[in-house]
Structures are given as structure tokens and as C-alpha cells.
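Here is a short report on one protein model. Look at the structure first, then read on.

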Amino acid sequence: MCIRDSDMTGNEPMKTIEEAEIIGPTGCLDILILMPCTGNTMAKLANGITDTPVLMAAKAQLRNEKPVVISMASNDALGMNLKNIGNLLNHKHIYFVPFGQDDPVKKPNSLIGKLSMIPETIEEALKGKQLQPVLCDK
């Protein structure tokens with residue numbers, strides 16, 4: 001059986017930047033979750049680049065001063081992308097799913113969000129709080 005996005009949510013996915021733009025003026029989302037959020041997406045978000053529907057959705061959500069939750073999955077998080085993570089950790093209305101190294105020996109720069117902590121992260125983000133500790137064992 002094939003499950004479509006619209007079967008799960010009752011809505012068609014926003015597949016273009018123009019479709020995601022409506023989030024800003026309508027304020028239609030309580031929370032936005034970027035999962036998995038790659039190093040590339042985090043770098044663009046940290047530097048204000050809006051060239052995909054996901055980044056437009058995040059920009060629109062932040063415009064409304066509503067929470068954006070990031071569940072990262074990046075092989076370069078502890079490399080060149082660390083500065084972008086630091087930037088985002090200090091940004092108002094951005095919350096991280098607690099994360100840790102998934103394979104410190106074979107992938108020493110890799111970090112991944114702890115998926116089991118997503119519901120609790122969402123609850124705290126809706127209260128305006130970052131779930132702690134943000135660094136955890138994977």
C-alpha cells in the first residue's frame with residue numbers, strides 16, 4: 001500500500017517556494033519541524049538563503065515569531081557546519097531536537113537528532129523553551 005503525504009495530513013504538500021510563502025501572511029502553522037535537517041539546509045537557514053520550499057516555510061514561520069524545530073542529520077556538523085549550528089542555537093524561535101554523535105569512530109564530524117525526543121522537543125518549543133540537555137548520547 002502506498003501512503004501519500006496528503007493521506008497522512010489531509011493536505012497536499014507545499015512543493016514550491018510560492019506555495020510555502022502563504023505560511024507568512026496566514027500564520028497557518030503552530031510549529032514547523034525540519035526533519036531530517038541536513039547541514040546544507042542549516043547553513044542556508046543560518047545565512048538567510050531561501051531557495052527551497054522548506055527554507056521558505058522556515059522563513060515564513062520565523063516571520064510570524066512561531067517555533068521551528070530542527071532535527072539534524074549532518075555528516076559535517078562538527079566540521080564546517082558547526083558555526084551554523086551555533087548561529088541557529090542562538091536564534092529566537094529555533095529549537096533543536098537534542099542531538100549527539102551517531103558514529104564517532106567512522107564519522108567523527110557527524111551529528112544526528114535523537115528521534116525519540118521529538119514529541120518532548122515540540123512540547124517545550126511550543127512553550128518557548130529549548131529542551132535540555134541539547135547534547136545527548138545517540
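Where is the place of histidine 93? Histidine 93 sits in the loop between α6 (82–89) and β3 (94–96). Helices (H or I, at least four residues) and strands (E, at least two) are DSSP runs, numbered from the N terminus.

This is a predicted model: local features need pLDDT of at least 70, side-chain atom pairs count only at pLDDT 80 or more, and totals for chains, interfaces and linings use all residues. Residues are numbered from 1 along each chain as its sequence is written, and side-chain values use heavy atoms, with hydrogens and water left out.

**Backbone angles**

Most residues other than glycine have a negative phi, and most peptide bonds are trans. Histidine 93 has a positive phi, near 75°. Glutamate 65 also has a positive value, near 55°. Glutamate 65 is in the loop between α5 and β2 (68–74).

Buried means under 20% relative accessible area, exposed over 50%, and partly exposed in between (1.4 Å probe, protein chains only). Histidine 93 counts as buried because its relative accessible area is 17%. Glutamate 65 is at 55%, so this residue counts as exposed.

**The largest pocket**

A pocket is an open set of points on a 1 Å grid over the protein atoms alone, where a 1.4 Å probe fits, with protein on both sides within 12 Å along at least five of seven lines. Its lining residues have an atom within 4 Å of a point. The volume is the space filled by probe spheres set on the points, which are joined across faces, edges and corners.

The largest pocket has a volume of about 770 Å³. Its lining holds 20 residues, and Thr9, Pro13, Met14, Leu32 and Ile33 lie nearest the centre. The largest share, five residues, comes from β1. α1 (5–9), β1 (32–37) and α5 (53–63) each supply at least two.

**Lysine 44**

Lysine 44 lies in helix α4 (residues 39–46). Why does lysine 44 count as buried? Lysine 44 is buried because its relative accessible area is 19%. Leaving out residues up to four places away in sequence, lysine 44 touches Ile49, Asp51 and Leu55; contact means heavy atoms within 4.5 Å.
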